[in-house]
Amino acid sequence: MFSRWRYIEAKDCLIDKHIVFIGDSRIRQLFYSFIKLINPQVKEEGNKHGNIPFEDKSASIKVGSVAKPHIIVVGAATWSIKIHNGSNEALAQYKINITSVAPLLEKLAKSSDVYWVLQDPVYEDMLSESRKMITNEKIDAYNEAAVRILNSSSRNSKAKVKVFSVSKLIAQETIMKSADGLHLPESSRDTNAMILMNVYCNKIMKPIDGSCCQPQPPLTLIQKIAFCFFTLSIIGYLIISLMHRNNYRKNKSGTDLESGEEKKPAISMPNVSTLELLLHSFCKLGLIMTYFYLCDRANLFMKENKFYTHSSFFIPIIYILVLGVFYTENTKEFLPVYMHIRVLVAAYLFQTGYGHFSYFWIKGDFGVYRVCQVLFRLNFLVVVLCIVMDRPYQFYYFVPLVTVWFMIIYATLAIWPQIVQKKANGKTLNSNLQP
């Protein structure tokens, strides 16, 4: 699941960064798609066989600068295949060249992010006569050589050249839409650039909607304490439960021996203690929180972005509307999806606010116990989620919203003069009795 970076966010991530793209025409395409994420107004104008610099002065971003780069994107092979007519000697020379340049790239990888872009497949039927020697078989051989040689001298080192293979996977599905059989369509190039942006920026900016390329976040102290608490709760519950069962078996066996009967009398299990019940509840809560953490914060399960279509949203609404014809009046009004959600949220906010108002109005109970009870009921799960997931309280925005309005309703009715139903009815009755 990758994030759709806007140019403002891209600038924030790449501020004061120097980026270099090295390679043939395919890398040049990726270069243009990448800088368009920083400045959408850039046009693909420049010397196709020379250096093409780009600089965004507002964010001090330089692409193609001579200074030591923070990001290096490099890849080449198809031009070598073309000018040497796909000969085996060219492949052997390519291996020699990669072997000589690999240590330099690995050295750069210690202080920079180095990405080796694997060669995309071609659509052989659309290739021009001058490119017929660029076959997918040759491309696979060149890719295999590059992958085998890169990082061969730094197997146990953390600083490695990163192999950017996603472009190859995308091209396998989209190269048939190419205009010349060699270069990717624009939509595929843009996707590659967006993924490259995710690879570098997600670990820095940590977007909520982008799970790809993010390292596992380290556990905070509060998360570790919560983990230990739930673990101890599970262990404590198991120990107490086993002790109770063991005592039950002993009592059951003793009764059988004293009775001298073959048929065992029915003995009910001992009553569950409050501590055991509390630990049992914490065990269930801990298992639920563990499942939430694995789904949301770990990479154990695949994640996908949410996709919205009018049909998936409106067909169920129309279906319910048709059924509702038999129970209520029909309506032809349809609101946009965002307004539908706002209406539902506002309706629930009104209902819960009205419920709290009705309780205070009818009962007249403004005690601290009632306030603590409601605040605990509203916030307990959210507070536990904030601790386990390492999220801010405002992330679960609706609970803070409901909590604030509950306190406003409570303060409005609790301050002097307290006007509740009993007082209002009493004053009305007294006014009616007056001559």
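Residues are numbered from 1 along each chain as its sequence is written, and side-chain values use heavy atoms, with hydrogens and water left out. In this predicted model, local features need pLDDT of at least 70 and side-chain atom pairs count only at pLDDT 80 or more, whereas totals for chains, interfaces and linings use all residues.

The chain has 14 helices and six strands, taken as DSSP runs numbered from the N terminus (helices: H or I, at least four residues; strands: E, at least two). Of its 435 residues, 37% are buried, that is, under 20% relative accessible area with a 1.4 Å probe, protein chains only. Among contacts (heavy atoms within 4.5 Å) with a separation of 6 or more, 73% join residues 24 or more positions apart.

A cavity is a set of points on a 1 Å grid over the protein atoms alone where a 1.4 Å probe fits but cannot get out, and its lining residues have an atom within 4 Å of a point. Grid points are joined across faces, edges and corners, and a volume is the space filled by probe spheres set on the points. Three cavities of 30 Å³ or more were found.

The largest cavity has a volume of about 140 Å³. Its lining consists of 14 residues, with Arg26, Ile27, Val117, Asp120 and Ser167 nearest the centre. Helix H2 (25-38) and helix H7 (186-205) are the elements that give two or more residues to this lining; H2 supplies the largest share, four residues.

Notes:
1 Å grid on protein atoms, 1.4 Å probe; cavity = no way out; pocket = protein on both sides within 12 Å on 5 of 7 lines; lining within 4 Å. Buried < 20%, exposed > 50% of the residue type's maximum accessible area, 1.4 Å probe, protein only.
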